[in-house]
Amino acid sequence: LLFEEDLISTDTAVLTDRRLRHLQQVRDIKLGDQISVGQVNGLLGEATITELAPDSAKLSISWSKQPPAPLPVTLIIALPRPKMVKRIIQTVTTMGVKQLYFINSYKVEKSFWQSPWLTEAKLLENVVLGLEQAMDTQLPTIHLRKRFKPFVEDELPEIAKDSLRLVAHPSNNQNCPIQVEQQTTLAIGPEGGFIPYEVEKLESCGFTPVSLGDRILRTETAVPVLLSKLF
Ligand code: SAM
């Protein structure tokens, strides 16, 4: 995935440092090789390596294709354990989510908010890995919301406006509908689950609790299972 600073003209890019090392390690690139590229928030294309030095590679690019369509979903996840943040970001980005909210909830440990995975640089690093995996270029927006009640009362009604609203919550709830085709807002709880107060608050904001089956899934498993219903 190429950023504006990688491009020296509309169809020429120069890669250096970490980005060049990544290409060398992953692809073992040689002069004349062709690689698939994408421009952040732009088109996909094919690039030829026209110059290769130990510290830089020059690419000549032919832009050709639109990236895949985004998934029409806004995802709200109670902040998971820090070591899972990376995996969840890569998973949801690969699956095409463009609006992701990490929210606080009663059973989220306060210390999770100090996670190094939540820095802007780490979030971007994992977003890029997810996009590259899916041959996508559209950056998602990741929001961090540390206060549940004001988020649900003041912000969520606007965020979820005109969308189907589902909260994954294990119990005897109805099963999650398969192949939801409209714009959807999905909420997923923390490892300890949403407490009843939180489920009620979401319900009063128009969310329907849905089940993903009899098994209790870890948050990082529940996320792709729930998203797969929208494909
Ligand atoms: N003991 C917790 C509870 O009963 O809510 C389990 C939480 S689960 C490990 C983490 C989150 O994944 C849940 O809050 C929910 O959003 C989602 N989840 C996991 N399994 C689910 C299922 N079978 N049905 C619906 N949601 C599920």
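Biologist: What makes up the chain in terms of helices and strands?
Modeller: The chain has 6 helices and 12 strands. Helices here are DSSP runs of H or I with at least four residues, strands are runs of E with at least two, and both are numbered from the N terminus. Keep in mind that this is a predicted model: local features need pLDDT of at least 70, side-chain atom pairs count only at pLDDT 80 or more, and totals for chains, interfaces and linings use all residues. Residues are numbered from 1 along each chain as its sequence is written.

Biologist: How do you know whether Asp 162 is buried or exposed?
Modeller: Asp 162 has 7 other C-beta atoms within 10 Å, so Asp 162 is exposed. This residue sits in the loop between α4 (148–159) and β9 (164–168). Asp 162 is not a glycine, yet its phi is positive, at about 60°.

Biologist: And what makes Leu 7 partly exposed?
Modeller: Leu 7 has 17 C-beta neighbours inside 10 Å, so it counts as partly exposed. Leu 7 is found in strand β1. Leaving aside neighbours within four places in sequence, Leu 7 is in contact with Leu 2 and Ala 13; contact means that the C-beta atoms, placed from the backbone, lie within 7 Å.

Biologist: How much of the chain counts as buried?
Modeller: Of its 231 residues, 31% count as buried.

Biologist: Which strands form the open sheet?
Modeller: The sheet has 5 strands in the order β1-β2-β5-β4-β3, with antiparallel pairing. Its edge strands are β1 (7–9) and β3, each pairing on one side only. Two strands pair if DSSP finds at least two bridges between them. Strands β4 (residues 44–53) and β5 (residues 56–65) run antiparallel and are joined by 9 bridges. Leu 44 stands opposite Lys 65 in β5.

Biologist: Where does α1 lie?
Modeller: Helix α1 lies across β2 (12–16), β3 and β5, and runs at about 90° to β2.

Biologist: Why are α2 and α6 called roughly parallel?
Modeller: The axes of α2 (residues 82–94) and α6 (residues 219–228) come within 10 Å and cross at roughly 10°. Angles under 35 degrees count as roughly parallel, over 145 as roughly antiparallel, 65 to 115 as roughly perpendicular and the rest as oblique. That makes α2 roughly parallel to α6. The axes are lines fitted to C-alpha atoms, for helices over the stretch in contact, with angles from 0 to 180 degrees between N-to-C directions. Residues making the contact include Met 84 and Ile 88 of α2, and Val 223 and Leu 227 of α6.

Biologist: What surrounds the ligand?
Modeller: There are 18 residues around the ligand, and the closest are Ala 168, Gly 189, Gly 193, Leu 212 and Ala 222. A residue is near a molecule or strand if its C-beta atom, placed from the backbone, lies within 6 Å of it.

Key
Buried ≥ 20, exposed ≤ 12 C-beta atoms within 10 Å, placed from the backbone. Contact = placed C-beta atoms within 7 Å.
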